[in-house]
Amino acid sequence: MRIDVLTLFPEMFEGPFKASIIGRAVEAGAVEIHVHNFRECARDKHHTVDDAPFGGGPGMVLKPEPIFDAVEKVRSGGGQRGPLIYLTPKGRQFTQSMARDLSSLDGFILLCGRYEGVDQRVIDHLVDLELSIGDYVLSGGEPAALVVADAVVRLLPGALGDEASTLEESFSDGLLEYPHYTRPAVYRDFEVPPVLVSGNHEAIRQWRKEQSINITNSRRPDLVRRTHTLEARNENG
Ligand SMILES: C[S@@+](CC[C@H](N)C(=O)[O-])C[C@H]1O[C@@H](n2cnc3c(N)ncnc32)[C@H](O)[C@@H]1O
């Protein structure tokens, strides 16, 4: 897979893309990540990328020319044919199932906004998908691009030590994950649930399922409703 990131702050990606699971996936060749500063595509000698909004109002808007040029350069340079994704609070809410869909692509481009965002013509004529990472406003798209890249890269074959861990975790079956415990079995008089040290694999499986259902019902009843609706839809064809 190849991920290209278009940003005005490439330095924000230096640490996160080198460390931990993403860093390992890059080293193992599971993913190539290229970070581009689209200021380099600005056409004037001051490298201007923003301007005041037509119609007035506060803040600045990212100009279309540097972004169109940067995307065209990426697409012609690296053979990147994947979708252009703009990170924006106005986008569709990013979910685990979108992360799975994106992880099956050969690649995609992440565009990070700043200031009031990008000129609407970028969205109308260049962007394939607008994604939000939640109902709050960040000062730039960079943390959102990191969230999307991380959620996708960890699903690539070879990125995690144990692939099975992505099959049982939260959201993979529409439920939140059960609680985990590790050694010691008793710490400060706090005991782990006895079933987990019983050696009875079927009882452990049952307990975990119940815990998943209970925690999802109490914290995210919307997920349970959504799963039921999808199951009903699948059953009815
Ligand atoms: C200050 S925000 C602009 C907010 C915009 N004026 C609005 O009200 O919708 C600057 C940039 O941060 C990014 N951003 C902010 N919040 C985000 C979120 N929840 N999800 C994804 N990107 C976000 C976008 O790229 C956006 O262009």
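## Domains and overall layout

Domain bounds here come from an automatic or database domain assignment. The protein is divided into domain 1 (2-153) and domain 2 (169-235), and the centres of domain 1 and domain 2, taken over C-alpha atoms, are 35 Å apart. This is a predicted model, in which local features need pLDDT of at least 70 and side-chain atom pairs count only at pLDDT 80 or more, while totals for chains, interfaces and linings use all residues. Residues are numbered from 1 along each chain as its sequence is written.

Along the principal axes, the C-alpha atoms of the protein fill a box of roughly 70 × 40 × 40 Å. The secondary structure comes to eight helices and nine strands; helices (H or I, at least four residues) and strands (E, at least two) are DSSP runs, numbered from the N terminus. A residue is buried if 20 or more other C-beta atoms lie within 10 Å of its own, exposed if 12 or fewer, and partly exposed in between, with C-beta atoms placed from the backbone. Of the 237 residues of the protein, 24% count as buried.

Strand β6 (residues 107-112) is mostly covered, with six of its six residues buried. G107, I109 and L111 point one way from β6, and F108, L110 and C112 point the other way.

Two strands pair if DSSP finds at least two bridges between them. Strand β1 (residues 2-7) pairs with β6 in the parallel sense over five bridges, and F108 in β6 is the bridge partner of I3. Strands β5 and β6 also run parallel, joined by four bridges; here C112 in β6 is the bridge partner of L87.

## The nonpolar core

A nonpolar core is a set of buried Ala, Val, Leu, Ile, Met, Phe, Trp, Tyr and Cys residues joined through C-beta atoms within 7 Å. The largest one has 42 residues, and L110 and L111 touch the most other members. Helix α5 (residues 142-153) supplies the largest share of this core, seven residues.

Two residues are in contact if their C-beta atoms, placed from the backbone, lie within 7 Å. Not counting residues up to four places away in sequence, L110 touches I3, V5, I85, L87, A145, V148 and A149. V71 lies in helix α2 (residues 64-78), and V71 counts as buried because it has 22 C-beta neighbours inside 10 Å. Leaving aside neighbours within four places in sequence, V71 is in contact with L6, L84, I109 and L126.

## Around the ligand

A residue is near a molecule or strand if its C-beta atom, placed from the backbone, lies within 6 Å of it. The ligand is surrounded by 19 residues, the closest being L87, G113, G117, G141 and A144. Strand β5 (residues 84-93) gives the most to this shell, with four residues.

By class, the shell has eight nonpolar, eight polar and three charged residues. Ala, Val, Leu, Ile, Met, Phe, Trp, Tyr, Cys and Pro count as nonpolar, Asp, Glu, Lys and Arg as charged, and the others, Gly among them, as polar.

## Backbone details in loops

H47 is in the loop between β2 (32-37) and β3 (50-51). Although H47 is not a glycine, its phi is positive, about 55°. H47 is exposed because 12 other C-beta atoms lie within 10 Å.

R188 is in the loop between β8 and β9 (190-191), and its phi is also positive, near 50°. R188 is exposed, with 5 other C-beta atoms within 10 Å. The peptide bond from R183 to P184 is cis, with omega near 5°, and P184 is found in the loop between α6 (165-168) and β8 (186-187).
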